[in-house]
2 protein chains.
Amino acid sequence: MNDLSRLAIHTMTTKPWDLQTTAEKYAAAGVPAVTIWRQWLEGQKLTEIRRLMDDHGLRVSAHCRGGFFPAIDAADRQAAIDDNLRCIEEAAEIGAPMVVLVCGAVPGQSLFDSRQQIADGLAACIDQAAAANIKLAIEPLHPMYANDRSAINTLAQANDLCDQLASPWVGIAADVYHLWWDDQLEHEIVRAGDRIVGFHVCDWLTPTNDLLLDRGLMGAGCIDIPKIRSWIEQSGFDGWIEVEIFSKTHWERDQDQYLEEIKDAYLNHV
Amino acid sequence: MNDLSRLAIHTMTTKPWDLQTTAEKYAAAGVPAVTIWRQWLEGQKLTEIRRLMDDHGLRVSAHCRGGFFPAIDAADRQAAIDDNLRCIEEAAEIGAPMVVLVCGAVPGQSLFDSRQQIADGLAACIDQAAAANIKLAIEPLHPMYANDRSAINTLAQANDLCDQLASPWVGIAADVYHLWWDDQLEHEIVRAGDRIVGFHVCDWLTPTNDLLLDRGLMGAGCIDIPKIRSWIEQSGFDGWIEVEIFSKTHWERDQDQYLEEIKDAYLNHV
């Protein structure tokens with residue numbers, strides 16, 4: 001029987017709410033953890049964000065998101081690394097155990113080049129991650145995002161990258177939306193083992209009317225989330241289960257009611 | 001140096017044209033071959049279609065499309081097999097050397113079940129394909145179509161299916177749009193070898209505004225088509241290079257001018 005004890009929600013899921021509102025609403029609804037996106041940090045003191053979370057009894061499940069390492073110019077790649085180092089510091093200050101990485105891609109650039117730049121960028125962040133006690137979680141993205149968001153598009157590629165970097169500070173965030181279609185998924189989850197440090201859920205809608213902003217509540221689509229969860233848990237994962245939904249449709253609705261539906265969907269379809 | 005001698009175009013690419021117009025326009029433009037979609041057969045005698053092609057000096061590169069084998073009910077799966085048997089007959093009558101297969105999926109049904117139903121359906125068509133001298137070309141579709149169009153989403157899966165069926169009448173249609181993102185692509189093309197009987201080109205646009213109907217002309221997007229073509233040809237492929245573009249944008253334009261742009265794009269970006 002599910003309960004809410006492992007539920008985390010991304011601030012992006014209830015995008016209309018600012019951080020103060022998010023904290024109040026999640027706490028009142030019995031949601032124990034929140035993954036905070038960087039936009040919600042703007043104009044705020046990190047110590048106050050931490051206090052806001054503590055005051056509401058909320059844990060921070062992850063800081064989202066770093067990455068976007070590839071760039072045409074070396075100076076831009078260094079700027080991306082510098083930005084990721086700041087992101088790691090932020091994660092430590094707000095009490096998040098990891099930074100989720102959307103690894104990046106440059107439209108039109110060879111995916112082979114982008115993947116090398118991702119490996120180089122990640123390697124340059126490992127020392128800081130270790131010093132701050134923050135995991136770097138590679139999130140493989142659906143192949144439909146290969147040209148502009150991430151050149152890492154399967155769990156196999158994330159595992160290969162982990163093999164290459166060989167650091168206990170580099171792990172994987174597995175999102176059912178990106179990975180569900182892959183016939184190698186169970187095999188690669190076994191291969192990943194304790195590299196999996198994050199688990200994201202939502203659902204794939206048919207039809208999907210927007211490549212980015214038309215994700216569904218768990219149970220509204222075709223993904224067999226309980227099966228993937230069982231594979232993930234057999235690999236040893238017992239962390240937060242993070243609800244991450246980008247949806248123009250849901251953002252336009254009453255967010256209080258939507259939050260109740262998220263809880264129901266979590267209890268019944270995860 | 002490219003010339004037009006291997007260019008084929010799908011009737012779906014210039015969707016506004018009926019088959020008579022297609023034949024006249026392609027012949028006048030020096031396009032030597034056409035892949036005919038089944039919709040263009042409706043209400044026509046197949047012998048007349050063959051004569052129309054012959055009269056215009058056009059070859060038929062493929063018949064498009066069979067497949068859609070999965071279904072919840074056994075009776076519906078048998079109906080799909082029967083329909084594919086008719087499609088094989090049609091291909092033989094219009095002079096096409098192969099039937100392109102969009103293998104199918106049932107929204108919400110397990111992809112493992114769909115894949116088994118696809119294998120069973122294909123197996124039931126092999127004798128007829130052999131008798132008619134028609135290849136069955138499995139077209140792996142992009143993972144974003146996994147829930148509703150095809151549960152076969154990588155070249156690796158198509159190769160696995162070919163291994164399983166072990167028939168010289170079962171081959172693969174490789175479309176750059178569906179496969180370009182895959183880091184295993186070169187490896188799987190080598191593995192496929194002479195199984196590759198069809199090669200489709202278009203381009204991936206960023207942003208992509210519609211999952212189905214926003215494909216680009218070759219050169220308008222991010223796919224390194226010449227590199228993929230070189231891999232395909234190193235595997236021994238020397239057949240038609242088929243331009244298959246679904247695009248609301250292009251369908252709304254002047255089709256004569258568009259046909260000239262297709263030729264230019266083929267000569268310069270394939």
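1. A:Asn133 lies in the loop between helix 5 (126-132) and strand 5 of chain A. The model is a predicted one, and the backbone at this position deserves a look: phi of A:Asn133 is near 60°, a positive value in a residue that is not glycine. A:Asn133 has 11 C-beta neighbours inside 10 Å, and because 12 or fewer counts as exposed, the residue is classed as exposed.

2. A second residue of this kind is A:Ala166. Its phi is positive, about 45°, although A:Ala166 is not a glycine. A:Ala166 sits in the loop between helix 6 and strand 6 of chain A. Is A:Ala166 buried or exposed? With 8 C-beta neighbours inside 10 Å, A:Ala166 counts as exposed.

3. Chain A holds a closed barrel of eight strands in the order 1-2-3-4-5-6-7-8, and the pairing is parallel. On average, neighbouring strands of this sheet are turned by 30° against each other, direction ignored. Helix 6 (residues 155-165) of chain A packs on the sheet, where it touches strand 5 (135-138) and strand 6 (170-175) of chain A. The direction of helix 6 makes about 170° with that of strand 6 of chain A; since angles over 145 degrees count as roughly antiparallel, this helix and this strand run roughly antiparallel.

4. Two of the strand pairs can be followed residue by residue. Strand 2 (residues 33-37) and strand 3 of chain A run parallel and are joined by five bridges. In this pair, A:Thr35 stands opposite A:Ala62 of strand 3. Strand 7 (residues 196-201) and strand 8 (residues 241-243) of chain A also pair in the parallel sense, over three bridges. Here A:Phe199 is placed opposite A:Ile241 of strand 8. In general, strands of a sheet pair through backbone hydrogen bonds.

5. How many of the nine residues of strand 3 (residues 59-67) of chain A are buried? Eight of the nine are, so strand 3 is largely enclosed by the rest of the structure. Strand 3 of chain A also contains A:Arg65, and the peptide bond that joins A:Cys64 and A:Arg65 is cis, with omega about 10°.

6. Another cis peptide bond runs from A:Thr206 to A:Pro207, with omega near 0°. A:Pro207 belongs to the loop between strand 7 and helix 9 (225-234) of chain A.

7. In chain B, the axes of helix 2 (residues 46-55) and helix 3 (residues 74-94) come within 8 Å and cross at roughly 40°. That angle makes helix 2 of chain B oblique to helix 3 of chain B. From helix 2, B:Leu46, B:Ile49 and B:Arg50 meet B:Glu90, B:Glu93 and B:Ile94 of helix 3. The residues of this contact divide into three nonpolar, no polar and three charged.

8. How are the two chains arranged? Chain B can be laid on chain A with an RMSD of 0.0 Å by a turn of 180° and a shift of 0.0 Å along the axis. The two copies are therefore related as by a two-fold rotation axis.

9. The contact between the chains takes 20 residues from chain B and 20 residues from chain A. On the side of chain B that touches chain A, the residues divide into nine nonpolar, eight polar and three charged. Of the interface residues of chain B, 100% are also interface residues in chain A, so the copies meet through the same surface.

Methods: Residues are numbered from 1 along each chain as its sequence is written. Chains are lettered from A and ligands numbered from 1 in the order in which they are written. This is a predicted model: local features need pLDDT of at least 70, side-chain atom pairs count only at pLDDT 80 or more; totals for chains, interfaces and linings use all residues. Copies are superposed by least squares on the C-alpha atoms of residues with pLDDT of at least 70 in both. Two residues are in contact if their C-beta atoms, placed from the backbone, lie within 7 Å. Two strands pair if DSSP finds at least two bridges between them. Helices (H or I, at least four residues) and strands (E, at least two) are DSSP runs, numbered from the N terminus. Axes are lines fitted to C-alpha atoms, for helices over the stretch in contact, and angles run from 0 to 180 degrees between N-to-C directions. Angles under 35 degrees count as roughly parallel, over 145 as roughly antiparallel, 65 to 115 as roughly perpendicular and the rest as oblique. Ala, Val, Leu, Ile, Met, Phe, Trp, Tyr, Cys and Pro count as nonpolar, Asp, Glu, Lys and Arg as charged, and the others, Gly among them, as polar. A residue is buried if 20 or more other C-beta atoms lie within 10 Å of its own, exposed if 12 or fewer, and partly exposed in between; C-beta atoms are placed from the backbone.
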